[in-house]
Amino acid sequence: MAETRFDEIIHAPVRLRICGLLRPVDHLDFAVLRDTLSVSDATLSKHLKTLATSGYVTSRKAVSAGRDDARRITWLALTRAGRTAFDAHVRALQEIATPSI
Amino acid sequence: MENHFRDPSREEAAAALNALSSDREHLAASVHAPWTLLAAFGGVGAWWVSAAAATNPGANYEPPSSSWLALVGTLIVVYLIQRETGVRFRRMGARAGWAIVGIIAACLLLFSVSLGFVSFGMHWAVAPTSLVAFATTTWLASVAYRSAVEHLRHG
C-alpha cells in the first residue's frame, strides 16, 4: 500500500508548488520554474536550497561554450526520495481534504 | 521567519491541491511547440528519404549510411527543443508513442517507394516523396509534442 506521510519540509507553499511542478517532468529549467511560480530568483534559490539539503531536489548547470554564465540553463529535478516524499505528502493532503466517512 | 504548517485544515489542504493543479495548467500553457525545431524533425525525415536517390537498387544495393546520421540529427533536435523550452518530459503519453511509430513507419514506407522510383530511373520522383516525408514527420512530431504537453497538464 502506498505510503501517506505529511512532510513539513515540502508543505511550505512555495516548496510544495516547486515539487508539484518538478514531479511530472524529468527536468525543468530554473527560469521556467521561476516564471511559472512568479517568484524572484532569490526566493526560488532559497527554497531549492532547503529541498536540496533534504535530498529532495538536484540541480545541474548545462555547459555550453556558446553561452556565458548568465544564459546557462540550470536543470532541476526531483530525486527518487523527493518523488516518494512528495507523493506521500499529496496523499496525506488528499486524506485531509476528502476524509473517508 | 519561516512558518510551519502542521495539521492544515480541510480547506487549506484542498487549496494546496488546487494550487498544484493550477501550476501544472500554467506550465503547460506556457510551453509552446517550437515550430522551427519541429520542422527540423521534418527536415531530418525528408533528408533520410531523399538519400534513396543516391542508392543503386538491385543486386548491388547497399543501404545508405544516412540512418545513423539521421539518428544523430534527431537527438540534436531533441536537445535543442529541451534547451528552447526548458522542459524535459518524463512521459509523453500513448498518443506520442503512436506518433513516433507513425513517423518511423511513414519514413520507411516513403524510403521504399523512393527506392522503387529510383530502380525505374525516376530519380526526380524522390523529391515529392521527400516533401511528403517532411510534411508527415513535422505534423506527427507536433502531435507527439502536444501529447507530451497534455500529459504534463494532467500530471
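How many of the residues of chain A count as buried? Of its 101 residues, 48% do, where buried means under 20% relative accessible area, exposed over 50% and partly exposed in between, computed with a 1.4 Å probe on protein chains only. The model is a predicted one, so to speak of local features takes pLDDT of at least 70 and side-chain atom pairs count only at pLDDT 80 or more, while totals for chains, interfaces and linings use all residues. Residues are numbered from 1 along each chain as its sequence is written, chains are lettered from A and ligands numbered from 1 in the order in which they are written, and side-chain values use heavy atoms, with hydrogens and water left out.

Chain A has five helices and three strands, where helices (H or I, at least four residues) and strands (E, at least two) are DSSP runs numbered from the N terminus. Read from the N terminus, the order of elements is α-α-β-α-α-β-β-α. Among the contacts in chain A with a separation of 6 or more, 61% come from residues 24 or more positions apart; contact here means heavy atoms within 4.5 Å.

Helix H2 of chain A (residues 13-22) is largely enclosed by the rest of the structure, because eight of its 10 residues are buried. Those eight are Val14(A), Arg15(A), Leu16(A), Ile18(A), Cys19(A), Gly20(A), Leu21(A) and Leu22(A). As for its packing against H4(A), the two axes come within 10 Å and cross at roughly 75°, the axes being lines fitted to C-alpha atoms (for helices, over the stretch in contact) and the angles running from 0 to 180 degrees between N-to-C directions. H2(A) is therefore roughly perpendicular to H4(A); on this scale, angles under 35 degrees are roughly parallel, over 145 roughly antiparallel, 65 to 115 roughly perpendicular and the rest oblique. On the H2(A) side the contact involves Val14(A), Arg15(A), Ile18(A) and Cys19(A), and on the H4(A) side Leu44(A), His47(A), Leu48(A), Thr50(A) and Leu51(A). Sorted by class, that gives six nonpolar, two polar and one charged residues, with Ala, Val, Leu, Ile, Met, Phe, Trp, Tyr, Cys and Pro taken as nonpolar, Asp, Glu, Lys and Arg as charged, and the others, Gly among them, as polar.

The loop between H3 (30-37) and H4 (41-53) of chain A holds Ser38(A). This residue has a phi near 55°, a positive value in a residue other than glycine. For background, most residues other than glycine have a negative phi. Ser38(A) counts as exposed, at 62% relative accessibility. Val32(A), in helix H3 of chain A, is a buried residue at 15% relative accessibility. Setting aside residues up to four places away in sequence, Val32(A) touches Leu27(B), Thr85(B) and Gly86(B). Val32(A) and Ala12(A) sit 20 residues apart in sequence and 20 Å apart in space, C-alpha to C-alpha.

Next comes the nonpolar core, a set of buried Ala, Val, Leu, Ile, Met, Phe, Trp, Tyr and Cys residues joined through side-chain atoms within 4.5 Å. The largest one has 62 residues, and those with the most contacts inside it are Ile18(A), Leu28(A), Leu33(A) and Phe89(B). Helix H5 of chain B (residues 126-153) supplies the largest share of this core, nine residues. Leu33(A), for its part, is in contact with Ile18(A), Leu21(A), Leu28(A), Leu44(A) and Leu76(A), leaving aside neighbours within four places in sequence.

Between the chains, H5(A) (residues 80-97) and H1(B) (residues 10-30) have axes that come within 8 Å and cross at roughly 130°, so the pair is oblique. Their crossing is left-handed, meaning that the near helix is turned anticlockwise from the far one by less than a right angle, with clockwise giving right-handed. Phe86(A), Val90(A), Leu93(A), Gln94(A), Ile96(A) and Ala97(A) of H5(A) meet Arg10(B), Ala13(B), Ala14(B), Ala16(B), Leu17(B) and Leu20(B) of H1(B). By class, the tally is 10 nonpolar, one polar and one charged residues.

Within chain B, the axes of H2(B) (residues 35-50) and H5(B) come within 7 Å and cross at roughly 145°, and the crossing is right-handed. This contact has 11 nonpolar, nine polar and no charged residues. Ser66(B), in helix H3 of chain B (residues 66-85), is buried at 7% relative accessible area. Not counting residues up to four places away in sequence, Ser66(B) touches Trp47(B), Trp48(B) and Ala51(B).
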